[in-house]
Structures are given as C-alpha cells and as structure tokens.
Amino acid sequence: MRFQKTLLIAALTSVSGAALAGVSAEEAKQLGTTLTATGAEKAGNKDGSIPAYAGGLTKAPAEFKAGDGLRPDPFAADKPLFAVDAKNMDKYADKLTEGTKALMKKNPDYRIDVYPTQRSVAYPKWVADNTAKCATSAKTTNGGRSMEGCHAGIPFPIPKTGYEVMWNHLVRFQGVAYNVKYRNWNIDASGRPSVSTEGSIVQEYPYWDSGKADSGVSYKQRITYTGPARRAGEAMMIIDPLDYATSDRRAWQYLPGQRRVKIAPDFAFDTPNPGTGGTSTFDDVFLFLGSMDRFDFNLVGKKEMYVPYNTYRMAFASNKDDLLKPKFINPDQVRWELHRVWVVEAKLREGKRHIYSKRTFYIDEDSWTILASDQYDARGQLFRAGFAYQTPSYEASAPWADMHGLYDLIAGSYSLSGYTAETGGVRQGKPASERDWSPDALAGAGIR
C-alpha cells in the first residue's frame, strides 16, 4: 500500500508501546499553529480537496430545536462530486479501505457517493486548553495498554505510537454525558432485517468531567433493554478504566427471570455481543472499545481516505425501510468525504486468543474517532468491515459517531448499531450520581 507523506508523521516505527512521556515543549508549540489545538493538520491538502481547518461547525442550523435529539443536516444543499463503484474503483483504490473495496467487488451495485469535504468537528475552548497541557504530560504505561498524566484533554495530540492514537480514540471527546434511545438492526444474507435489540443507553465519560478530579475511569455505559420481547427488562452496565494494569473492565448484567444482578467478566474482547445478536464482538463496539491487551498496535502513518462523514441524513432523517437494503446500507443515504486519517494496524499478540488475527483502524485526524476498520480471521482472510457514521453535535461543539455497523464479508450479512433516527436521536446531558452506577441501581432499572 502506498502511503503519502505528511507533515505530522513522526517516528513511523513499530514502537511496541513502551512507556513514553509526552512530547517536548518545543514540539507542543505546533498546537494552534501548524496543527489545530487538538492535533490535526491545520492546512488543507495539496489539491484543495481537503480544506484548511477553520474552527469547525459551531452554529446550529436555524431549523434545529434546542434540546432536540434529532439534528438537521447543515450540509443538505451539498451535491455529490462523484461516485465510486466496482467499475471505477481502481482509479480511487489508494483512498479506499480494504473493506470498502471488498464490498464493491462482492456487490457490483454498491457504491459510495463522495461529497465536498467539510471539516465540521469543533471543540469547546477548555478541551483545547487541557490538550495543550496533556501534550507534554500524558504517557502510556503497561506496554502502551494503560494511560496516565492527562485529564479532560486529548492525551496525545502529536502521537508517536499506535497505542497513543488508540487512546485518543478510546477517550475521544463526545461530551461529558449523553443518552440515546436506539435500535440495533441485523440484516441477514437473504436481505431480511430484524431488530437484535432496542433500548435506552446512558453513556458518560468521567475522564472529561473537568469539574471533578481524575477518577481513573475512562468510560461508563448503562443499557436498559426494551426489546425485542425476549430481552425486554434486561440491563447491562460496563465501566472501563484508564489503567488496565491494575483494573480490568467491570461489567454487570441484570436478567429479569433471575431477579438478580450478575457480574459479567466475559463482556469483553471477542465474546459475541448480544446487543448485535452475536454478529460482532464486544470490542467491535464503536469499531474498538476496551482493553488493548490482545493485540500489538503499530502506527503505520497518515493517509487521505474516503470515509463516512457528516452523515446527518442517515443518522437523523432516514427510516429503516429506505436505509436497510439487502446486502448493504442504501448508498443514497450515506455521505462520504475525503479526510486525513491515522492508520493503525493491530496484530494478535503471541500467546493471545481472538477471532481476529489482524485489524486495521482508520482514525479521523479532527475527531480522533475510528471511522472505518478491517478485521481479518485466523486464516488472514478479510472477515468484517466496519464503518462509523460521524455527525458532530454542533449545538455542543462535540464530535459524535456512535452509530456504527459491520459487514460480514463471508456470510453476506451486516449489522447497524445505535440507530436513532426513528427513536428520538441523541441528547447531551449531565453526569448521573455515583449511586446510579451501582449494581443495585442496575437491578432497579431493569425490572419489568
């Protein structure tokens, strides 16, 4: 694969993730000058197809209703520049993920519509201020698999290792807390859609609560299931740490038939995720979530790629009948743009077990969100292709891309998780009290 040279690629070596301190004060001076305050290249690309960063989208469209979870498309007037499909994919091959190319080869009528690139991601000033501090203080430990020295900022805005890029994704800023009513859909090989789960999610990022001391917790999620009927009343809760050397993920499950909460240590790694009917793993959530213990993460570099971006119509104005077509999501509903992404390759560590032998992640430079992934099976065959659908919350200056899906390239099926267009969208909120994150509270929320 031919990678372009960029201004930001430094130390492109296969650093294994040994403990590394933040960058020097001299290097950190790039933030806010040649780099944005959070580490992206401020300049556009050579031919202008990626524009210079101008601060992102900070004003909601006039039709947005304050407090509403559905966000009107601020770029609705944009028209596609061109489409890429099986017939012309060779012309654009260096800008397509392996998963995208595989979908085109497998489905001649699959295409991506490429729109003008809009660098819409914006952040509150305090995020930028804290990121400047973290740049020189954050470090990875535990062979790269733990992180410390940063709170309420992007920890590694000038990354040197694959682990640092992945930590930027794991603690990416999406607001401090928000709640979602959602449906997860599975579309089988025959093209039949079915709801695998639906319910309410409360998500919090204690890491981003600047008003509180660092708790050592990166992420919290509590789900109350309302459907399908066989799952109604169930509940699940997970809490992820920053230091996996001293604390693993904590997880609990409430089953109404047993009327009790059970510790769920298997809710991690390649355990099939019941939220997607077992069509993905627990660490496929958001294309990657959880501990990095099973893989070695190597920084390959940065590249210009076509990725889903500013997918407001799909996320907030679609309906499942128009969206969920046999074999693939309706291309008419998905906006793709050219963006610079960090490329990280994860290879299964010797002596570790996972259904994937290799994974490639494509992380957006502006939001630090994984927007695409390629997953390979034990034979080295491309197994699954993942995509996350970026829709920045312009009313809160917070990126958001929790809606994501995976294509099973062997079975010919696919899933879409976190679909909210028909259930009210995404609402930013305030953190709940600590008592709401106890096993007892989980039982109270799940009883039917």
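## Terms and basis of the model

A residue is called buried when its relative accessible area is under 20%, exposed when that area is over 50%, and partly exposed in between (1.4 Å probe, protein chains only). This is a predicted model, in which local features need pLDDT of at least 70 and side-chain atom pairs count only at pLDDT 80 or more, while totals for chains, interfaces and linings use all residues. Residues are numbered from 1 along each chain as its sequence is written, and side-chain values use heavy atoms, with hydrogens and water left out.

## Salt bridges

Side chains of opposite charge can pair when their charged atoms come close. The structure holds 35 salt bridges, each a side-chain nitrogen of Lys or Arg within 4 Å of a carboxyl oxygen of Asp or Glu.

Arginine 384 and aspartate 284 form one of them, at 3.7 Å from N to O. The pair links distant parts of the chain, 100 residues apart: arginine 384 is in strand β15, and aspartate 284 is in the loop between β10 and β11 (295-308). Helices (H or I, at least four residues) and strands (E, at least two) are DSSP runs, numbered from the N terminus. Arginine 384 and aspartate 284 are buried.

Another salt bridge joins arginine 172 and aspartate 402 (3.5 Å, N to O). Arginine 172 lies in the loop between α4 (162-170) and β5, and aspartate 402 in the loop between β15 and β16, so the pair ties together parts that are 230 residues apart in sequence. Both of these residues, arginine 172 and aspartate 402, are buried.

## Helix α2

Helix α2 spans residues 98-106, and its buried residues are Gly99, Thr100, Lys101, Leu103 and Met104. Their cover includes β1 (82-85), β2 (111-114), β12 (335-348), β14 (370-376), β15 (382-388) and β16 (404-408), where contact means heavy atoms within 4.5 Å.

## An exposed glycine

Glycine 257 sits in the loop between β9 (250-255) and β10 (260-263). With a relative accessible area of 77%, glycine 257 is exposed.
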